[in-house]
Amino acid sequence: MSVPSSQTLGVTKYQLYCVLAASVASINFGWCMGVANLPGEYISKCLAGPRHLINGLPSCIPATDFVWGLAVGSFALGALLGAIACTRYSNKYGRKTVLLYFNAFSIVSAIIMGLAVNIAMMIVGRVLVGIAVGAANGTFATYVSEITTPKARNSLGVMTQLAIILGMALSQLCSLGMLQPPLWRLLFVLSGVISIANIVLLWFCVESPRWLIMNGQEEKALGVLHRLRKGSDCSCEFDHMIDAVRKEMGPSTRTASVIDVLRGKTPDNLRHQLLVALMLMVFQQASGISGVSFYSTTLFNSVVSNGREGNLHTPTMSQILTCILSIVGTLVTLAGMVLSTRFGRRTLIMTSHLIMGICCILISVGSIKDIGSLAVAMVFIYFSAFFIGSGPCPWSIPGEMTPTYAIAAIAAISSSITYLLIFVIGLVFSSLLSALKGYTFLLFAIANFIAVAFMYVFLPETKDQRVSDIVEIHSIGIHSVLGPKQKTSKDFNI
């Protein structure tokens, strides 16, 4: 009986285990993104009553909107540092090593925030956990792409976005029963518990076989590949992997650094790829999604009349809506996995931004005209539209149009811009909402419509095309993609 080739395999049990174990880091990323949302006013505005000591720790930590925004947004500042660090360390020490050991920052952070007595401790804790999950989240997508079979990659490649929104949903659900002091402290401590679980699970995972080949450990890489493709013949895939690594590393046989890419010192002209990767992330955050993720409870409070009424020990309507919003986001992300197999990336992301722009206008109308039901409904549609295109696509498109030797550098640059913008939006959104009220989302509407125009002119379609074809067609400097139909490998009969 012949043994099937590993190249024909779909998702194997051990592949799935390694992906799920590594995804815990991205779940933690989502948890940290959403954990400050519901308890925010209980912590910064002492909503449960005057500040007092419980077991030697304050029941709340009073802060202005701006200072609390700094504490919330500092998580993204840490993620920025983690994203910059992960490129160097994952290339030098391995994908699994980064996923495993950066959890230490999260554990230390959990202790600091669990014992916080002032806003400075909260900020330090948020920065540290940001470093942990920023490095891990940036490494996770690379790890998944390098350990999965081509068929498995289509379904498992979107796990980054799914894990993040799942973590957000879990943090919101847990928050409903843990808003009161001192229980809100446990919400921040749980990020450390998630990291400990991540360490245990990752201990039984393998290193990326592509990384092992890149670092001259070919014999070990073959053994790892046999574990990942149990019961199949790996010889053909292994030979192809060796050839691909040698070819895609470029003539210089080394990876391009961030400085190389920024200065244009690469074998291919990657200016267009860099512009697209950066603007995808800029428009993702300019759409206003981070403000909604961080402050959806505050936002719902501004349009739901009974947002702060009733028993403080009972979740308010705004808090319940925030939890439902996260659950809807998770379900839509699953639906987006199906849509991505049927529609092109360009179509999905342009449609996503267009719907979000229209929703932003209607959110403003509902808020200004005091039509709470309209504003709430549009927030849900806006949130759903994000997860079908502008949420997942900016993470996957750069890898589909960039040669292997430059993927890590371009990913580091684009993700750094993302975290920087998340920090800025987290810092100013609460103050912006207080100052502009219903008019806030008109700014995001403008950004979304500009995004549609940019994608139409500059974003090439990458679905069902080989990376080598995309690189050949678009490595000619910054240019418009409008005009004659782009040729693909099929057109060249390759």
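Begin by selecting helices α1 and α8, whose axes come within 6 Å and cross at roughly 50 degrees. Helices (H or I, at least four residues) and strands (E, at least two) are DSSP runs, numbered from the N terminus. Axes are lines fitted to C-alpha atoms, for helices over the stretch in contact, and angles run from 0 to 180 degrees between N-to-C directions. α1 and α8 are therefore oblique to each other; angles under 35 degrees count as roughly parallel, over 145 as roughly antiparallel, 65 to 115 as roughly perpendicular and the rest as oblique.

Before continuing, note that this is a predicted model, in which local features need pLDDT of at least 70, side-chain atom pairs count only at pLDDT 80 or more, and totals for chains, interfaces and linings use all residues. Residues are numbered from 1 along each chain as its sequence is written, and side-chain values use heavy atoms, with hydrogens and water left out.

Remain with this first pair. α1 passes α8 in a right-handed crossing. A crossing is left-handed if the near helix is turned anticlockwise from the far one by less than a right angle, and right-handed if clockwise. Show the side chains where the helices meet: the residues of α1 include Val19, Leu20, Ile27 and Trp31, and those of α8 include Ala163, Ile164, Gly167 and Leu170. Contact means heavy atoms within 4.5 Å. This contact of α1 with α8 divides into 13 nonpolar, eight polar and no charged residues. Here Ala, Val, Leu, Ile, Met, Phe, Trp, Tyr, Cys and Pro count as nonpolar, Asp, Glu, Lys and Arg as charged, and the others, Gly among them, as polar.

The crossing of α1 past α9 is left-handed. Among the residues in contact are Tyr17, Ala21 and Asn28 of α1, together with Leu187, Ile194 and Asn198 of α9. By class, the contact of α1 with α9 has 12 nonpolar, four polar and no charged residues.

Now select the loop between α8 (159-176) and α9, where Pro182 lies. The peptide bond from Pro181 to Pro182 is cis, with omega near 0 degrees.

Ile165, Leu166 and Leu173 of α8 are among the contacting residues, as are Ile320, Gly329 and Leu334 of α16. The contact of α8 with α16 has 12 nonpolar, eight polar and no charged residues.

Then select Cys46 and Cys60. Which link joins this pair? A disulfide joins them, with S to S 2.0 Å; the term denotes a pair of cysteine sulfur atoms within 2.5 Å. A search of the whole structure finds one disulfide. Cys46 lies in the loop between α2 (40-44) and β1 (53-54) and Cys60 in the loop between β2 (57-58) and α3 (65-93), so the pair ties together parts that are 14 residues apart in sequence. The link is right-handed, with 80 degrees about the S-S bond. Cys46 also has a positive phi of about 50 degrees although it is not a glycine.

Finally, colour the chain by pLDDT, the predictor's confidence in each residue, from 0 to 100. The chain averages 83, and 89% of the residues score at least 70. Among the elements of the chain, helix α7 (residues 150-156) has the lowest mean pLDDT (67) and helix α5 (residues 103-114) the highest (96).
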